[in-house]
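Hello,

Here is the structure I promised to hand over. My notes follow below it.

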Amino acid sequence: MRKLWVLIGINLKALLSALKMGSGKKAKATGMGAMILLGVLAVYIAGVYSFTFAMQLGSIGMLDYLIPMMAILGCLLSVVMTVQAASGFIFSGRDTDLLLSLPVSAFSVMLARITALYIENLAFIGLFMLTSGVAGAVNGLGGLGYYLSLFVGTLLLTFLATMVTMVLSFVAAFVTSRFPNHSVFSTVIYFAFLLLVMAGSFQISNVGGLLLTNKEKFDRILDGVLLPFGLLKKGLDGNIPALGLLIIVSVVPFLLLVWLFSSRYKQVLSALASRIVRNDYRLGALAARGQFSALFSREVKRYFGCSIYLFNTGFGAVLLLAGAIYGAVMHGKVEPYLQLMGGMKMVVPIAAIALGFIVATINTTCVSISLEGKTFWIIKEAPVQPRAFFGAKVLLNLLVAWPATIVSCLILGIAYGTAPWTVISLTAALLSLALLIALGGLCINLFFPRMDAPNDTIVVKQSASAFIGVFGGWVPLGVACLGYLPAGKVMDFEIYCLICTAVMVLASAGIWHWLKKSGVRRLSSI
Amino acid sequence: MLTISHFSKTYSGGKRAVDDLSLTVQKGEMMGFIGHNGAGKTTTLRCAAGILDFTEGEITIDGHSIRTSPVAAKSVTAFLPDNPDLYDFLKGIDYLSFIADIYGIDRVTRKERIGRYGDAFGLTTALGSAIGGYSHGMKQKLALISAFMRAPKLLILDEPFVGLDPEAAYAVKGFLRELCDQGGAVLFSTHVLEVAEKLCDRIAIIRQGRLVECGDTESVVGNSNLESVFLELERGAAGKSEEEKDNA
């Protein structure tokens, strides 16, 4: 047992160290900052949803469904946020060889890893459910049974979220290990998973309607597929045996899964570590190209060779295109609502915000220097001008963001008969936003590089630069939106778009100038 | 070819890794850089290759300062770290092509050189596979091919023989000598003192960041052997520090 606690401690430290950057006080500060950011995110999402749901459900006398609904949402979010990191943590941890060579069972190693993951999930779900509990209490829920069930339910449902995370990350690792090209297959799996989650989140927003029209059907779901959440609801209603049953349906399968997976752990690790080297290459004619072209080609190959990088930074482009096609196909159904909203004059600015919001998530540069990792010596010892190095990274970002932006604006513009002048000005503004974000991302990564991460997942999902890159991308968009409130009264939307374009291009030029001067010094100090 | 003058390097935590080190490596010369673990060898080599920055002293390669004219200095240099992490997402041949593009090696020359060094290291047939599947030794060989392929004026290597099979190690020694015979210069660190003694024209010994011995191999070794000289210097320096502590 003592060995297990030691293993859990090590694994928890490994998980938390993924959030840290640098060493000493800086590491503590960045680690703490990242945890606070995650905590604020949990409280914010839970606050927005729980108070909204509480008002809706309270008005139809079904407030007792609030906590189960929020528990479903909290678990789902927790899974989404940890599944990719879990796959890297469990199956690509650099300490796996060391741990498995110790006189401990594979079961203990697996249990320790999963327990560390459980504790991380518990921190998120705990804050999420605490906020939801406050929303329930403010709207009239309460009593000893309520708080006890909330506490016990949070502890137990975290097992469920951790189990789902385990299953998904295990299946992804196991199946991909069977394919020679791991990265392509895992990208497909993650895209499929996210589409599933999106479909699920649409269902959650329909829950209010489902409760109002078909309460019995929802109760049946809670007694069937979502039994743990149904048991939580019964516990909240004062049914203590239901809480006892919840312990059985969450803890027992959790331990069974740990045992089952640990028995296959070495097999999966062996398959993932297996080397496929063919000895049939014959040296033929070789092509030559320029230095910049070589650097750019390297960026492209890294992008498509790293599923986590492609998935996290390229999903915005897929979403843009899918959204535009969906919007065009649903044109007939959407049109009446657009008229209700005040016609295209009102809708276009809202659509611009939505498109800008997605464009801002396409940020490959904010992690691209960190992804050089231990191979950074190759570039540092090469006679490469820093501006060529920066330029190749920015160009990749634009290659991902610009075509999707142009095509989606064109599709929506044609489908909804928007004036060409409007489409052109909006497209120009979005393209300049993408440029600003690509250059800004590079600056962020120069200030917050993470060169020693044990795997790419930690760089892309958990590094400070990735956090700041994603949230920071919304800052120029937010400023532009706020600026439109007064500006929209005195000028056309199209003129405002062109002004925004000019401002963002100027800001981009300023950042490029900074990169060529101070950015070079920062690069050499990494 | 390589001039290091009064070079010092202090890390951000305040640790002084190298202290006022000066040495030169002439054209056609092979210098062995020897020292215990943590003596400052890797720091010196990395600074000379332009991988780490520094504020004290000066390092010039073929007349170009690595600090103020890094691109010019690097274009005539090749560096091989002790544990070469390469791009796992590229095939071996793609990596070599990438390096060839960066150094502007034309198509015909790169094919000829890749074929020559690839065959010598027995790696040509595996160049079509992803580097991610390579063993440590194969990666080391690939990094060596990429270094020799550039025909550098200065070759800086950190522990180049670690992980190599005897045949490849023999080939490396031959290529290093060939490079020097053609007017190139080589500076490499090693813990294998027999290799340094047999291979190097000059030897530099570093201890706690300071150069304690530097000269022709024959004059450094004298009638003894490099291992004895190195151990004697280490013991002498250790005794001196004990004495200084006692006096203090």
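**Notes on chain B**

In E5(B), Ser65(B) is the bridge partner of Thr60(B). Two bridges join strand E4 (residues 56-61) of chain B to E5(B), and the two run antiparallel. Strands here are DSSP E runs of at least two residues, helices are H or I runs of at least four, and both are numbered from the N terminus.

This is a predicted model: local features need pLDDT of at least 70, side-chain atom pairs count only at pLDDT 80 or more, and totals for chains, interfaces and linings use all residues. Residues are numbered from 1 along each chain as its sequence is written, while chains are lettered from A and ligands numbered from 1 in the order in which they are written.

The sheet: four strands of chain B form an open, antiparallel sheet, ordered E2-E1-E4-E5. Strands pair if DSSP finds at least two bridges between them. Strand E2 (16-25) and strand E5 (64-65) of chain B are the edges, each pairing on one side only.

The whole chain: chain B has nine helices and 10 strands. Its C-alpha trace spans about 65 × 40 × 35 Å along the principal axes. Of the 248 residues in chain B, 49% are buried (20 or more other C-beta atoms within 10 Å of the residue's own, C-beta atoms being placed from the backbone).

The interface: 35 residues from chain B and 31 residues from chain A make the contact (C-beta atoms, placed from the backbone, within 7 Å). On chain B, helix H2 (70-74), helix H3 (92-102) and helix H4 (107-120) each supply at least two residues of the side that touches chain A.

Best wishes

Definitions and conventions. Contact = placed C-beta atoms within 7 Å. Buried ≥ 20, exposed ≤ 12 C-beta atoms within 10 Å, placed from the backbone.
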